[in-house]
Amino acid sequence: MPRFAANLSMMFTEVPFLDRFDAAARAGFTAVEFLFPYDHPADAVGDRLEKNGLTQALFNLPPGNWEAGEKGFAALPERFDDLKRSLETALPYAKATGVKRLHLMAGIADRSSTKAVEQFYKSVAWAAEFYAPHSLDVVIEPINPRNVPGYFLNDFGFARDLITELKIPNLKLQFDIYHCQIIHGDVTMRLREMMPITGHVQIASIPSRNEPDGEELNYPFLFTELDRLGYGGFVGCEYNPRGKTSDGLGWFKPYAGARS
């Protein structure tokens, strides 16, 4: 049975961020993820996790000026110093939350640029090697160009080839089913192919990015497929509820409380 992590940047937004941990636990989630914790003290986030018996599944490394449209630095040669600082910034949050994987964002850059490609390889390797002594995985996520125009990492094959080529044990793929369906389609076959390098999975309906209970994909089939493939990681619920979060959790009831 998949282990679902509520994405607290998108779910339970009816209450302030730190109170969303309580709301997720009450709804039956045993794990959470979110985009960024950096507006809150690391200890405060860790305390909410401990209070509610929640596991931190994932969060993102600092992206730069998010409000101005920055989406990370990894493919930007001129921002390598910012990237290195971002690794340091995230470390106390990783320690306070006990998270085991961090998402490294590529940034807005042209993938046809040799310099951008070289920089992305360099940044990914640097980040993975930086976090290896801390027993942390680094995950990279292809993101569709409809949601984030110009995002450097917008192809699952490119991500697969990079991970396979670098052969760094703590470098994994963040397989967001929503993004994969929009970019490529053929989700099940790609899951089967890429499961050996996958460290985290995320879900949402397509095309609306709402609850995973309809539209293009048969999620009950995909959840069974994840079990069949032996996926033991978390499934992040990175979707926008249609209304009040708790009102849209009918799809989740069969899985509530799952820890293994």
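Predicted model: local features only at pLDDT ≥ 70, side-chain atom pairs only at ≥ 80, totals over all residues.
Strand β3 covers residues 55-60. Five of its six residues are buried. On one side of the account stands strand β2, residues 31-33, which pairs with β3 in the parallel sense over three bridges. Within this pairing, Ala31 is opposite Thr55. Helix α2 (residues 42-52) belongs with these two strands, and together β2, α2 and β3 form a right-handed β-α-β unit.

Strand β3 also runs parallel to strand β4 (residues 101-103), joined by two bridges. Here Asn60 has His103 in β4 as its bridge partner. A right-handed β-α-β unit is made by β3, helix α3 (residues 80-97) and β4.

An unreviewed UniProt entry places the feature "active site" at Glu141 and Glu238.

Glu141 lies in the loop between β5 (137-140) and α5 (156-166). Its relative accessible area is 4%, under the 20% cut-off, so Glu141 counts as buried. Among the residues that Glu141 touches are His103, Tyr151, Asp176 and Glu238.

Glu238 is found in the segment after β8 (234-237). Glu238 is buried too, with a relative accessible area of 8%. Its contacts include Asn7, Glu33, Glu141 and Asp176. The side chains of Glu238 and Arg209 make a polar contact at 3.1 Å.

Methods
Residues numbered from 1 in each chain as written. Heavy atoms only, no water. Buried < 20%, exposed > 50% of the residue type's maximum accessible area, 1.4 Å probe, protein only. Helix = DSSP H or I, 4+ residues; strand = E, 2+ residues; numbered from the N terminus. Pairing = 2+ DSSP bridges. Right-handed = clockwise from strand over helix to strand, strands pointing away. UniProt positions renumbered as here; feature names shortened; annotations may be inferred. Contact = heavy atoms within 4.5 Å. Polar contact = N/O pair within 3.5 Å; in protein donor to acceptor, adjacent residues only side chain to side chain. Lists of a residue's contacts leave out its neighbours within four places in sequence.
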